[in-house]
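Trainee: I'm new to this one and would like a close look at a single part of it. Could you walk me through the sheet and what sits around it?

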Amino acid sequence: MDEQNTNAPRVDAEEILDGIRQWVEIETPTHDGEAVNRLADVVEESMRSLGALIERTPGRDGFGDILKTRTPWGGDGPGILVLSHLDTVHPTGSLEEYNPWRREGDSVFGPGIYDMKAGAYLAYYAYQHLVRSGRETPLPVTFVYVPEEEIGSPTSRAFIEAEARKHKYVLVTEPAREGGKIVTGRKGVGRFAAVARGVAAHSGSRHADGRSAIKEIARLILAVEGMTDYERGVTTNVGLVSGGTGVNVVPHECRVDIDLRIPTPELAAEYQERILGLTAHDPDVELTVTGAINRPPYQKDAGIQSLFDHAKAVCAEVGFELKDMHTGGGSDGCFTAALGIPTLDGLGADGVGAHAQHEQIYFSSLEPRAKMWIRLLETLR
Ligand SMILES: [Zn+2]
């Protein structure tokens with residue numbers, strides 16, 4: 001195939017994999033800001049050597065920095081925002097302990113390779129390809145790398161939203177799924193904590209004086225789990241529980257952490273109110289419920305549909321059929337879609353095992369995805 005034929009750029013999947021390996025071998029657990037910054041340094045240097053404009057915002061609360069790079073062309077107008085995260089859920093040592101870099105058939109393993117270092121690298125590679133080929137995109141492209149997406153982007157959310165407002169489109173490098181499908185809708189996510197405070201007492205001699213916080217929370221767990229409504233697409237999960245001080249003590253405190261997933265802003269408001277409105281059953285127990293929706297639902301609106309149609313046409317040109325889907329998992333794409341900026345998510349590599357010990361990508365997805373990225377950046381206007 002001729003490099004002049006811009007409809008099907010020539011890409012080298014082995015070269016892409018070498019680059020992904022470099023990023024994966026720098027382990028970046030979210031809570032280790034210094035580790036995440038080591039990868040940010042590498043990305044920054046690579047981008048700088050390709051002429052990109054660099055802006056780095058120091059991290060807060062122990063998290064890594066926010067790295068923003070922009071094409072030197074295209075001016076200051078609204079362009080394409082490419083959104084990636086450099087952190088992973090895997091602790092330092094995972095490469096050695098349970099998921100060493102290895103290739104088995106079409107699968108390539110490594111902690112965080114699928115979520116989302118391969119995807120972040122694919123978008124970077126597209127930029128590198130454009131620079132090397134001496135081509136510019138009609139729109140300027142801004143790449144933003146955040147350090148703490150895996151815990152809900154507490155220190156980068158405002159930055160992401162401010163950037164998104166300055167752009168026409170948002171492309172998110174989260175992993176593809178189920179045979180390369182991209183994501184055009186996500187449920188919103190709420191996180192809540194409920195703490196019950198009762199009265200401690202000796203379980204043998206003073207039982208009647210006690211007010212069990214665990215008993216109170218046991219009722220609450222059933223109430224919260226009972227809010228799950230598959231028909232309306234709402235799920236609740238009490239994922240963590242802790243309480244009590246000893247088997248012979250009526251427990252004075254108990255806490256649960258609750259995960260809520262909702263498909264629409266209306267249901268988000270309704271369920272947030274229901275959860276925050278939970279009250280204690282036992283009048284002698286104090287119940288405090290805190291929390292909120294932390295990622296709004298991402299719904300496929302007309303702008304997203306037309307951006308998807310464009311991406312589908314681009315993929316047909318480079319030789320594959322692009323499909324989309326909705327998922328229950330949140331991402332930073334939720335923030336940008338909720339602002340009404342057309343957002344496509346799940347544009348990273350295909351694979352399996354996000355957050356799991358067997359996390360892997362499919363090598364065969366790298367070439368078509370790289371071509372898709374190059375052509376998307378080149379054709380959006
Ligand atoms: Zn991710």
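Which residue in S2 is the bridge partner of Glu55?

Mentor: That partner is Lys68. Before we follow it further, a bit of housekeeping. Residues are numbered from 1 along each chain, as its sequence is written. You're looking at a predicted model, where local features need pLDDT of at least 70 and side-chain atom pairs count only at pLDDT 80 or more, while totals for chains, interfaces and linings use all residues. Here pLDDT is the predictor's confidence in each residue, from 0 to 100. The chain averages 96, and 98% of the residues score at least 70. Residues 1–6 fall below 50, and beyond near neighbours in sequence that stretch has four contacts in the model (a contact means C-beta atoms, placed from the backbone, within 7 Å). Where pLDDT is low, the predicted coordinates should not be read in detail.

Now the sheet. It is open, with six strands in the order S1-S2-S6-S3-S7-S16 and mixed pairing. Strands (E, at least two residues) and helices (H or I, at least four) are DSSP runs numbered from the N terminus, and two strands pair if DSSP finds at least two bridges between them. S1 (53–57) and S16 (343–344) stand at the edges with a single partner strand each, so one side of each has no neighbour in the sheet.

Back to your pair: S1 and S2 run antiparallel over five bridges. S2 (66–70) is mostly covered, with four of its five residues buried (20 or more other C-beta atoms, placed from the backbone, within 10 Å of a residue's own). S2 is also antiparallel to S6, through four bridges, and there Lys68 has Val144 as its bridge partner.

His85 stands opposite Val146 in S6.

Two helices lie over these strands. Helix H4 (113–132) lies across S3 and S6, at about 145 degrees to S3. Helix H5 (157–165) lies across S1, S2, S3, S6 and S7 (169–172), at about 170 degrees to S6. Those angles run from 0 to 180 degrees between N-to-C directions, with axes fitted to C-alpha atoms, for helices over the stretch in contact.

Terms used:
Buried ≥ 20, exposed ≤ 12 C-beta atoms within 10 Å, placed from the backbone.
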